[in-house]
Amino acid sequence: MSDQAATADIDSRLEGHRVELTGYCYRMLGSAFEAEDAVQDTLVRAWRSFDKFEGRSSLRSWLYRIATNVCLDMLKAGNKRARPVDLTGPTPLAQAALNPLPENTWLEPVPDGRVLPSVADPAEAAVARESVRLAFVAALQHLPPKQRAVLILREVLAWRASEVAELLDTSVASVNSALQRARATLADTDSSATATANPLDKEQRKLLDRYVAAFEGYDMAALTALLHEDAVMTMPPFDLWLRGHDDITGFMLSIGASCAGSRLLATVANGTPAFAQYKPDPDGRGLVPWAVQVIDISDGAITGMHCFLDTPRWFPLFGFPDRLDDAAS
């Protein structure tokens, strides 16, 4: 094999693991962009030292070892990302104010295609989707970094304790102890289940169709009928979050009134249904990006509307256009 062919073969073998490594790093870091940086660093390190890879473990295990070390190094600064609901209590509508916090405060959304590799086993695919839900990834941020790695490797990726111990250069007893502590911490956090995007059942699809119609029609009575009485609405980078359909619809008719006339384009994020929201351009015709909405569904109602407003970052990541003209909308 020529040097050029050998290089192409190494590149192909490493790239074959990019999506699953990005999913792992995203769960560790809570940021789509930091996860992609971590994976790029991992693959560069692996490429540079590939001649030292002796095959005593699988290529996959070796890459996960490198990725874990990269993530642990990135987490040494101590910053942990969160949702608005993790930082404060809900704000009454009468006191609503939009106070932005720095970007690195927030847990970030991620397109499913960036973090969920294609798998044939439906049960395995379901576990993968559950493990990138916003609530679950937020719960992971409460764990010390090594406990986080242990829990993801054991519970999500189904590694054996002995494999995790080898990766972390520790004992099986230490891995089992870390897993027990991690489980106890997660049991005390709110990572309540929500419907995942694939597959949605017939009633869930109808619910989403009604949500789109209500939102685009800015019909607050119709929207109220779809929202759980304790539904939440969050809007990173603002720390404000609202609870209850009355406060949510009241906000949409007051501070958020400029969203009337919006259009929603369907996508999937964090294993759940999501939409790209465009609102009318105040300076002319057409519509401009406003938010990526990640939607929580439970027990036949919408329980969460998580609106990520930093659209110059999110819309290119999700592959959405930077505006819609009147005809397209």
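View 1. Being three residues apart in helix H12 (residues 202-216), Glu 203 and Lys 206 lie about one helical turn from each other, where helices (H or I, at least four residues) and strands (E, at least two) are DSSP runs numbered from the N terminus. Glu 203 and Lys 206 form a salt bridge whose closest N and O atoms are 3.9 Å apart; the term stands for a side-chain nitrogen of Lys or Arg within 4 Å of a carboxyl oxygen of Asp or Glu. Glu 203 is exposed at 53% relative accessibility, whereas Lys 206, at 41%, is partly exposed; buried means under 20% relative accessible area, exposed over 50%, and partly exposed in between (1.4 Å probe, protein chains only). The model shown in every view is predicted, so that local features need pLDDT of at least 70 and side-chain atom pairs count only at pLDDT 80 or more, while totals for chains, interfaces and linings use all residues. Residues are numbered from 1 along each chain as its sequence is written, and side-chain values use heavy atoms, with hydrogens and water left out.

**View 2. The whole protein, for orientation.** The protein has 15 helices and six strands, and its C-alpha trace spans about 65 × 50 × 40 Å along the principal axes. The radius of gyration is 21 Å, in agreement with the value near 20 Å that a compact globule of 329 residues would have; this radius is taken over C-alpha atoms, and the globule rule is 2.2 Å times the number of residues to the power 0.38. Of the 329 residues, 49% count as buried. Among contacts with a separation of 6 or more, 66% are made by residues 24 or more positions apart, a contact being heavy atoms within 4.5 Å.

View 3. In one of them the side chains of Arg 83 and Asp 86 meet at 3.0 Å, N to O; Arg 83 is buried, with 14% relative accessibility, while Asp 86 is partly exposed at 29%. Another joins Arg 313 to Asp 310 at 3.9 Å, N to O, and here Arg 313 is partly exposed at 22% relative accessibility, as is Asp 310 with a relative accessible area of 29%. Arg 313 and Asp 310 also belong to a network of salt bridges that links them with Glu 34, Arg 81, Glu 103 and Glu 108.

**View 4. The largest pocket and its lining.** The largest pocket has a volume of about 490 Å³. Of the 22 residues that line this pocket, the closest to its centre are Pro 117, Val 119, Glu 124, Ala 125 and Ala 128. Helix H2 (18-29), helix H4 (59-74), helix H6 (112-115) and helix H7 (122-130) are the elements that each give two or more residues to the lining, and the largest share, five residues, comes from H7. By class the lining has 13 nonpolar, three polar and six charged residues, where Ala, Val, Leu, Ile, Met, Phe, Trp, Tyr, Cys and Pro count as nonpolar, Asp, Glu, Lys and Arg as charged, and the others, Gly among them, as polar. On a 1 Å grid over the protein atoms alone, a pocket is an open set of points with protein on both sides within 12 Å along at least five of seven lines, a cavity is a set where a 1.4 Å probe fits but cannot get out, and lining residues have an atom within 4 Å of a point. Grid points are joined across faces, edges and corners, and a volume is the space filled by probe spheres set on the points.

View 5. A search of the whole structure finds one cavity of 30 Å³ or more, and the volume of the largest cavity is about 40 Å³. The residues lining this cavity include Arg 83, Trp 106, Pro 236, His 306 and Phe 308, and the lining divides into seven nonpolar, two polar and one charged. Pro 236 is joined to Pro 237 by a cis peptide bond with omega of about 15 degrees, and Pro 237 lies in the loop between strand E1 (227-235) and strand E2 (238-243).

**View 6. Two aspartates with positive phi.** Most residues other than glycine have a negative phi, and most peptide bonds are trans. Asp 169, although not a glycine, has a positive phi of about 55 degrees; Asp 169 is found in the loop between helix H10 (161-168) and helix H11 (172-187) and is exposed at 63% relative accessibility. Asp 299, likewise not a glycine, has a positive phi of about 50 degrees, and Asp 299 sits in the loop between strand E5 (287-298) and strand E6 (301-308), where it is exposed at 82% relative accessibility.
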